[in-house]
Amino acid sequence: MSYKVTLIPGDGIGPEVTDAALICIDALGVAIDWEKKDAGECALNKYGQLLPEDTLASIERNKVALKGPITTPVGKGFRSVNVAIRQHFDLYVCLRPVKSLQNPQALHKDVDIIIMRENTEDLYAGVEFAAQSKEAAEVIKTINSQSDRKVRPDSAISIKPISAFGSRRIAEFALNYAVKHKRKKVTCVHKANIMKYTDGLFLDTFYEVAEKFKGKLDYNDVIVDNLSMQLVRVPKNFDILVLPNLYGDIMSDLGAGLIGGLGLAAGANIGEKIAVFEPTHGSAPKYTGKNKVNPMATILSAALMLDYLGETKKAEILTRAVSDVVGEGKDVTYDLKPHRDDPTAVGTKETALAVAHRIKELL
Ligand code: NAD
């Protein structure tokens, strides 16, 4: 069976790391008919638009996309093309695995966590008012008339919307995913002791949904500051974490730090019918075209994509091949060597070829 998938190489190091993922998918023998589309700086130069309609239409049609990172030009158009894609398709789950993968450089060797971050609400909803603006003055006036707590008149304001709808669907996704993938425990992360209404709603909704999973799974909750400390000390105590947007973003990077850095941090943005797979890292412009950066995060994102497409066995082989190459520590990029200037570090393409070679041995 052949799949049709939108490929957005992106800009900066994007084309190099997505090419690396394609080398590995070819080696697996999964037939994918790629529809290559532009977004970001390259699209701006060609079409005068950062996110062309044609690119959105391709994702809409194919329902699945593999995407490289995209630079967010300062002061032009959207806040971020990446955020615009997530919002356009209502990709409400940001799924990020945090797995040690035999990496000798990892701070912890026994981490196997999946972060499920709500991707549409919270302080990242983009409802913000600049200090001294007419809008901020109106909002401050309303707040000061409704609340005992007074907001200073020279404040900038960011709104933190958390809905029952948004909380329910991320909780349902996380719990169903846990059952399907035979995981043991789902932990809801929050700060409901202080943010009683917003995080309180997120937490209460989680338990409401989790009740229906009684007997199938363990579930509990943890306050986000406590989680930060525990993750650094004993990450093996956690399995699946479900978090509101802001905490999810921060904990994802903390997780990447536990397993050896951004070069290994894969990601997926998933909605009801559409999913976009991309590494957690950005376009690292200073490394553009240097065949230097680590492609593993994008290769692992491709593994998540194969799992989503139902190619579970191939996804497992790909993840295993990455883990073996990382574990061996020979054909890896500078960031996975004991010292960043290690002369034995190989390039982006050579890393992909090493993974492809290992795939052939495993098949
Ligand atoms: P970045 O992730 O691009 O790079 C920060 C540093 O991390 C790099 O200088 C490099 O040292 C390291 N790094 C990143 N990826 C690596 C890899 N694959 N292998 C080895 N080392 C790697 O973050 P930034 O510099 O803050 O952002 C650059 C641009 O990327 C910005 O325009 C930002 O908006 C954008 N961005 C895009 C996405 C996305 O497309 N989803 C995500 C984050 C940032």
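In the predicted model, the centres of domain 1 and domain 3, taken over C-alpha atoms, are separated by 38 Å. These two domains belong to a division of the protein chain into three parts. Domain 1 is made up of residues 1-101 together with 261-363, domain 2 of residues 107-116 together with 162-259, and domain 3 of residues 122-161.

The protein chain contains 12 helices and 12 strands. Its radius of gyration is 21 Å, close to the 21 Å that the globule rule gives for 363 residues, so the chain is as compact as a globular protein of that length. The C-alpha trace extends over about 65 × 55 × 45 Å along its principal axes. Of the 363 residues, 53% are buried. When contacts between residues at least 6 apart in sequence are considered, 73% of them join residues at least 24 apart.

The accessible surface of the protein chain amounts to about 16,900 Å², and carbon and sulfur atoms account for 54% of this area.

Apart from residues up to four places away in sequence, Gln 132 touches Asp 154 and Ser 155. For the pair formed by Gln 132 and Ser 155, a separation of 23 residues in sequence corresponds to a C-alpha to C-alpha distance of 7.3 Å.

Asn 291 likewise has a positive phi, of about 50°, although it is not a glycine. Asn 291 is placed in the loop between strand 12 (275-277) and helix 10 (296-309). The relative accessible area of Asn 291 is 32%, so this residue is partly exposed, the value falling between the 20% and 50% limits.

Ile 8 forms part of strand 1, which covers residues 3-8. The relative accessibility of Ile 8 is 0%, and the residue therefore counts as buried, being under 20%. Beyond residues up to four places away in sequence, the residues touched by Ile 8 are Thr 18, Lys 37, Ala 39, Thr 55, Ile 59, Leu 66, Lys 67, Gly 68 and Ile 70. Between Ile 8 and Leu 91, which stand 83 residues apart in sequence, the C-alpha to C-alpha distance is 17 Å.

Phe 173 is part of helix 6, spanning residues 164-180. At 18% relative accessibility, Phe 173 also counts as buried, because the value is under 20%. Once neighbours within four places in sequence are set aside, Phe 173 makes contact with Tyr 92, Val 93, Leu 95, Met 116 and Ile 270. Phe 173 and Val 93, one of these contacting pairs, are 80 residues apart in sequence, while their C-alpha atoms are 7.9 Å apart in space.

Notes: Residues are numbered from 1 along each chain as its sequence is written. This is a predicted model: local features need pLDDT of at least 70, side-chain atom pairs count only at pLDDT 80 or more; totals for chains, interfaces and linings use all residues. Side-chain values use heavy atoms; hydrogens and water are left out. Helices (H or I, at least four residues) and strands (E, at least two) are DSSP runs, numbered from the N terminus. The radius of gyration is taken over C-alpha atoms; the globule rule is 2.2 Å times the number of residues to the power 0.38. Buried means under 20% relative accessible area, exposed over 50%, partly exposed in between (1.4 Å probe, protein chains only). Contact means heavy atoms within 4.5 Å. Accessible areas come from the Shrake-Rupley method with a 1.4 Å probe; for residues, only the protein chains shown count as cover. Domain bounds come from an automatic or database domain assignment.
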